[in-house]
Amino acid sequence: MTEGTLQNQHPGLHGFALWRNPILWKNFKSRLRAQALFQCLLVFITSAFLTLIIYTGMDTFDANSVESARAGIIPLLIVQAVILMLAGTGRITSGVIHERVTGTLEYTRLTPMSPMDKVLGYLFGLPVREYILFAITVPFMAFLLIKGQIPVNVTAQVYLVFFSSVLLYHLIGLVFGLVLKEWRMSVLLTQGVVILINLVLPLFSNLGFPFLQYLTIRPVVSANIMPYLPQSSAFRSAIPEAFFSGDVAFFEWSISTTSFSLLLQGILIFTLGLMVYRKWESAFNHSLSKTYALCLFVGLQIFCIGTLWPNLVGNDSSSYAQGLLPSDFSPDDLAFILPIMFSIFSLVCVFWLLYVITPTHDEYRSGLIRDRKLRNLHLPGLPLLDDKSSGLLSTVCLALLTAAFIGFVQITLIASSGDAGFLTASVVYMTDYWKLPMASVLIIVYFYVALEYLELQKLAILILCLWIVPILLGVVAVVTFDVEQNWAYIISTSPIPLLIYSGSAVTMTEGAADAAEYILINRAFWFGTSFISLTTALLAYKLQQLQTRARAHGSDR
């Protein structure tokens, strides 16, 4: 059998041959018609205007041609980022939504193409117009880079991370289009996530939490392009000199910004690609298996702690020592913020993973029926970590891992305080160190029980009523009724304030005012813990009743 015959019989063997991908060609023909001419002209005119106005306008300030060219690199790079990262990502999500509405997505699912061909076809086919628009800007960028005498290796590093970020955001758009049940809001949600990643998350680096900024091109641009900009450049003055080093402090090692960004983004790209692949393989699969979710969580925690390490041990390479924080920001403040921020980051990761791996009521009942059929055939039953098995075991594992990592962060902080660490001048109460891990475990179990029993829509109502409303009531009690003592009890019934209370007592001093505040916060912590525990117990009881009825129904079949 010849190779051509084999490929005709098995279209999935094309693999990464995009030029043979029918999905790519379908989008190429549909998106590059006459209506695309206006966008092409608009991008061409914008790029030409930016290049000429900056390159020639700098002469007014007595800048030479090299500095003039370098001044235009960042504005044009922003245009390229808007085209591919924002518009291209939104186009992928909207394209998948259109395929779902018209039924084309289900037709594509039935074709003999391999899941990988389908993933690559949509990933590079839907934003094909945006790639053409990006190509229009390339000659202008090449002119600025050559005239600005930017080394080739610097340009290569920047655009390597640039396209890695583009691929990451495009996969986020593809996942949202395929996975979210409320897919009508997927376009706005996708573009909102891209804006959040690029504009909001990097701000946490100023609080000693630099991990999240490596999901963007900001670090590699700061390390490679910013040193070449003129001193008078507004972009250069907006970035602290600490970001020009080009190295990432990861535990006790020093890793280049480019390598670290590619490594972190590569893990997330593989994860998102796996989610899309599993959905194309079967519409009934969960986006991630429970086993992979546990491994991914451990990996994210290691990456986060590795970048936090300089701040945890308080050495000279920390962002606090480099002066990135405000001058009135004390070491005690940083020691208070870091564990709580790390806990919030961990909880967000756990919530997302639980949303992905927790079975719905229908999936759980289907798993019970399948388990009984396997046992009737004298075969091993459904694995404990199967997609349709209860999420209790995986939740317990995630909760214990979260508590262990939070405890490790706190232990590292207190262990370093004997030298030159952030807690040197503080009185640390060792008995309070278990409160933050315990509160995190309780909140995780609370979220899981509510999610599995109520499912997503009813869970959103519970979060609004029991997570957001108590905070608003506490604010009203303080502002309107001048209730200064009882407000802490009111808002402690919400998980996030409870998390803050559980970590706030660690860095308190022995002053009389702090002692009174410590007593108030300690009582509010126990009040909130009791309320959330009772709520969780009630939801768990209802969930157990629901699962008991499902098992009884499954045994009748």
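Q: In which hand, left or right, does α8 cross α9?
A: In this predicted model, the crossing of α8 past α9 is right-handed.

Q: At what angle do the axes of α8 and α9 cross?
A: The angle is roughly 160°, and the axes of α8 (residues 128-147) and α9 (residues 152-179) come within 14 Å. Angles over 145 degrees count as roughly antiparallel, so α8 and α9 are roughly antiparallel to each other.

Q: Which residues meet there?
A: From α8 they are Y131, F134, M141 and L145. On the α9 side they are T155, Y159, F162, F163, V166 and H170. By class, this contact of α8 with α9 has eight nonpolar and two polar residues, with no charged residues.

Q: Changing topic, how much space lies in the largest pocket?
A: The largest pocket holds about 1,600 Å³ of space. It is lined by 40 residues, and those closest to its centre are V193, L196, V348, C349 and W352.

Q: Which elements give two or more residues to that lining?
A: They are α9, α10 (186-200), α13 (257-281), α15 (331-357), α18 (435-479) and α20 (495-504).

Q: And which gives the most?
A: Helix α15 does, with 10 residues in the lining of the largest pocket.

Q: What is the lining of the largest pocket like by class?
A: It has 39 nonpolar residues and one polar residue, and no charged residues.

Note on methods
Residues numbered from 1 in each chain as written. Predicted model: local features only at pLDDT ≥ 70, side-chain atom pairs only at ≥ 80, totals over all residues. Heavy atoms only, no water. Axes fitted to C-alpha atoms, helices over the stretch in contact; angles between N-to-C directions. Helix = DSSP H or I, 4+ residues; strand = E, 2+ residues; numbered from the N terminus. Parallel < 35°, antiparallel > 145°, perpendicular 65-115°, else oblique. Left-handed = near helix turned anticlockwise from the far one by under 90°. Contact = heavy atoms within 4.5 Å. Nonpolar A, V, L, I, M, F, W, Y, C, P; charged D, E, K, R; others polar. 1 Å grid on protein atoms, 1.4 Å probe; cavity = no way out; pocket = protein on both sides within 12 Å on 5 of 7 lines; lining within 4 Å. Points joined across faces, edges and corners; volume = space filled by probe spheres on them.
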